[in-house]
Amino acid sequence: MKSTVIGYPYIGPNREWKKTIEAFWSKEISEQQFEAQMKEYRLANIQVQLDAKIDLVTVGDFTYYDRMLDLAAMFGIIPARYKWNSDLVSLETYYAMARGNQSAPASEMTKWFNTNYHYIVPEYEGQTLKLLNNKPLRYYLEAKENFNTELKPTIIGPGTFYFLTKEVATLNKPSYLLQLIKVYSQLLSELSAAGAKWIQIEEPILSTSLSKDDMELISEIYEQLNTVNYSSKLLLQTYFESVEWYEELIKLPVEGIGLDFVHGLEENISNIKKIGFPKDKVLAAGIINGRDIWITPLQQSSEMLIELESLVSPNHLWIQPSCSLMHVPVSLTAETKLSKELYENLAFANEKLQELAILKNALTNNRADQEAFEQNRLTRELLNSSSVRQQGEVQKNIKRLSEIQITRQSSYAIRKDRQQKILQLPDFPTTTIGSFPQTAEVKRNRSQLKKGLIDKEQHDDFIKKEINKWITYQEELELDVLVHGEFERTDMVEYFGEKLVGFAFTEKAWVVSYGSRCVKPPIIYGDVKWEKPMTLDETVYAQSLTTKPVKGMLTGPITILNWSFVRDDVPRSIVAQQIALALRQEIEALETAGIRIIQVDEPALREGLPLKSSKHDAYLDWSVDAFKLATSGVEDETQIHTHMCYCEFNDFIEPIHALDADVISIETSKSHGEIIGAFKNATYTNSIGLGVYDIHSPRIPEIDEMVAVVNDSLEVISPEQCWINPDCGLKTRKTDETLAALEIMVKTAQLLRKRSVQRVN
């Protein structure tokens, strides 16, 4: 038996990776210094695996931004707008694709399956594919030179890359596919020639609901790869769910198959028992949850492994986490402020490596570490029976949910008229998504409060000055609906978790969200309860400074759920209901104080969608109901907004409609206007905020670009439905960038209004 991992966190225990990238962007370090530091981080990650006694160490899971972007750059899939005409992809071009530059917008970014990680979508425009740079080979040789151990290079597989690539201009898919097979063949051959005994090929696409034709295409890809002359063994790795085409999967010409026995447990085990598992293949069993931070139930996992061991050939069972450990924090050792009860129930990436060692030892020595197993059981039971998980008032309210109406009082058409009489908004009203730049001064003020260098009164005074400044900016820009700027908030989920009962917070439990952006998800470990207003003071203060409407800004129940590490002792739907009830009380407090526009953001609603289409309805039923539970208690005159970004909307219109938000703002710039096409064949009557420029890029867009986005949108929705806004919050941008872009955005709306009047006349 061997232990291995699919991938390990590359950000470092103190986000060293992030800091180095951002130092390079700001020209604080040279490219040579950048490369040297990145190499240091790669080698350190390998050393961690070796120290944990991992048998087969994974390399190639490291990236400078995103692994899908890496492959696109490696294969020469560079969009023409970046004016690239070389056989080398510089870091400047690489990061332009990720972030944009002043002359070209960034490539589209969207969710990586049903996780909170975002990848850069490759754009194929008919380029001739070539293997320009074999990064997995480079990382393999680098590790081989520095460590005397068996190494397993890993790459995202051709099936997943093919189905996730956006084919912008190609009319010849067979040609593209043949080229893709050719570059993968070369990649594998070079790794094999360098001495790699095993190569891991990650195919999470196999855990989705593929059609028969899709599966046949993947089978053909692997049949073609099998004709290539290389000696390495291939481990075809699936994760995030079970595989639907199991019988076809096990026939593929590969020497090993990785299956998820956490999220795909029932279906994967059932398939093995019913159909069998090839005697000549290795089964890499994902038995430790790679997506959450709770300790593994060792006894249960050990029993599962014993069962799996009986279903495969001797020495053909490997053990590993269910997916890459990039989705969990690096190490628990930095956490010093958690309660003993909670701390002992947590396992981050390094602790999960230790759990692998315990489970492997239990099987290979035919005897479990009884003390470790018993302590594991008692630790879990202690938390499950604790008072924080047994709050009678919360559980009583959940049982009485049937008594609460979760639909608005009137239809949208009636609400819209009543809201307009109060708000008096112009055509194409302008607003922002909520947050404004978190400047060095804002961050310093927060840090000083945490360190006790200033008191809360001094901190609050600073926040008021920032709110005042930005209300003035917004009025000078002539925005129609204002926001207070969220200067008191760190993260849109963490902020609310800090004010609700049932949450815990870490010091350094960072995970990557996209690019260099890392988040520190709260831990929902108990029953969730609202105690007092969380956003009232700042919102009411902002409203006192202006006669224009100020939006109350909340994070929605499903986003709080999906962007947290969630307790595993009750269904997620119950936790969502608890959060929704808490937010309902917050919304009531805002409305009572006279706030007439309240935004409840749900960017993570779709990312929680199960990968299997057969499981969609159940998830959507309870998640949509949770949003409505939070928002349905308001009067008709109160306008409810929501915001979604960077997800595929094409198969998601019905749930969006079911939310019944008065205004939904969506991203329409980074996907170059394509998302709005999802509304083409749908009857959607509520208002839509068009994200007319990409906030993740430092470039200032031209007015023609914004107008083009709106014009494209007006082909499928009416002018009366349109709001104008950025595509996401502005906390990561600089002040001058923000003001310049918003000025152009407002001019865009004013131009559209003028044209609208001219058409009427």
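**The negative patch**

Reply: Glu-248 lies in helix H9, where helices are DSSP runs of H or I with at least four residues, strands are E runs of at least two, and both are numbered from the N terminus. This is a predicted model, in which local features need pLDDT of at least 70 and side-chain atom pairs count only at pLDDT 80 or more, while totals for chains, interfaces and linings use all residues. Residues are numbered from 1 along each chain as its sequence is written, and side-chain values use heavy atoms, with hydrogens and water left out.

With a relative accessible area of 31%, Glu-248 is partly exposed (buried is under 20%, exposed over 50%, partly exposed in between, with a 1.4 Å probe and protein chains only). Together with Asp-213, Glu-216 and Glu-247, Glu-248 forms a negative surface patch. Patch residues have over 30% relative accessible area and no salt bridge, like charges being joined within 9 Å and nonpolar side chains (Val, Leu, Ile, Met, Phe, Trp, Tyr) within 5 Å. A salt bridge is a side-chain nitrogen of Lys or Arg within 4 Å of a carboxyl oxygen of Asp or Glu. Helix H8 (212–225) and helix H9 (246–249) are the elements that give two or more residues to the negative patch.

Two further residues concern the backbone. Most residues other than glycine have a negative phi. Lys-53, not a glycine, has a positive phi of about 65°; Lys-53 sits in the loop between helix H2 (31–51) and strand E2 (57–59) and is exposed at 63% relative accessibility. Glu-478, also not a glycine, has a positive phi of about 70°.

Methods
Accessible areas come from the Shrake-Rupley method with a 1.4 Å probe; for residues, only the protein chains shown count as cover. Lys and Arg count as positive and Asp and Glu as negative; His and the chain ends are not counted. The place of a charge is taken as NZ of Lys, CZ of Arg, CG of Asp or CD of Glu.
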